[in-house]
Amino acid sequence: MLKLYWAPNTIASATAIVLNEGNVPWEGIRVDFASGEQTKPAFHKVNPKGRVPALVTPEGVLTETGAILEYLAATEVPSLVPVDPLHAARMREVMYFLASTMHVNHAHKMRGARWADEKRSWADMTAKVPETMALSCTYIEALIAGPFLFGDHVTLADAWLYPISCWLEADGVDIADFPKLAAFRAAMASRPSVRTAHDMGMIG
Ligand SMILES: N[C@@H](CCC(=O)N[C@@H](CS)C(=O)NCC(=O)O)C(=O)O
């Protein structure tokens, strides 16, 4: 059975949502961020980068949300990737943005030590987060066809955007300023795949 290393309110829930969308059996292994378990040698044997998600497959451990979601789509849930090449590329356009920009904006709130040693530099990075996350939301808002990113059909990008949309309040962004994103979040929250992730304590 596939095993997913996860921690609450992290991007690991995107993988859980995709697994649940495909009714794929999986086992969750919770990583205790409070005690810094992700920084310890035992977890580094699973993921030397010290991050979640990490998915244990029969062929080995996979990391990086984008790689994991694409693997799951190819092996278990092909319906989450549009068949049309341009539509699939549009989905990946969002996925790369989430990985390289929006998630990184969010990480500047708590993880400044990744980029700078001076505490005053961290405070500056934290202070910028409401602005950069709101800017990311402005880009996403303009894309959303509704109720999901590309209309009625859920894709990998929706599963990835959902956990990030749940970070917004804590990141100082009022989701009410982005009505299509708010409606997207509500539509995703009512899906059984997402409700199960909430019930497991992965989100919220
Ligand atoms: N690029 C990775 C990012 C993974 C990542 O940064 N995960 C965070 C939680 S959202 C983490 O494990 N942080 C632990 C730490 O920084 O110590 C992905 O998209 O999977």
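## Thr57

Thr57 is buried, at a relative accessible area of 10%. Buried means under 20% relative accessible area, with a 1.4 Å probe and protein chains only. Thr57 belongs to strand S3, residues 54-57. Strands are DSSP runs of E, at least two residues, and helices are runs of H or I, at least four, both numbered from the N terminus.

A polar atom of the Thr57 side chain lies 2.7 Å from the backbone oxygen of Gly60. Beyond neighbours within four places in sequence, Thr57 is in contact with Leu2, Leu62 and Tyr71. Contact means heavy atoms within 4.5 Å.

## Basis of the model

This is a predicted model: local features need pLDDT of at least 70, side-chain atom pairs count only at pLDDT 80 or more, and totals for chains, interfaces and linings use all residues. Residues are numbered from 1 along each chain as its sequence is written, and side-chain values use heavy atoms, with hydrogens and water left out.

## Helices H6 and H7

Helix H6 (residues 156-165) packs against helix H7 (residues 179-189) at about 110 degrees, with the axes 10 Å apart. That makes H6 roughly perpendicular to H7 (65 to 115 degrees).

From H6, Asp158, Ala159, Leu161, Tyr162 and Ser165 take part. They meet Leu181, Phe184, Arg185, Met188 and Ala189 of H7. The residues of this contact are seven nonpolar, one polar and two charged.

## Two domains

Domain 1 covers 2-78 and domain 2 covers 80-191. These bounds come from an automatic or database domain assignment. Taken over C-alpha atoms, the domain centres are 19 Å apart. Across the boundary, 18 residues of domain 1 are in contact with 17 residues of domain 2.

Key
Axes fitted to C-alpha atoms, helices over the stretch in contact; angles between N-to-C directions. Parallel < 35°, antiparallel > 145°, perpendicular 65-115°, else oblique. Nonpolar A, V, L, I, M, F, W, Y, C, P; charged D, E, K, R; others polar. Buried < 20%, exposed > 50% of the residue type's maximum accessible area, 1.4 Å probe, protein only. Polar contact = N/O pair within 3.5 Å; in protein donor to acceptor, adjacent residues only side chain to side chain.
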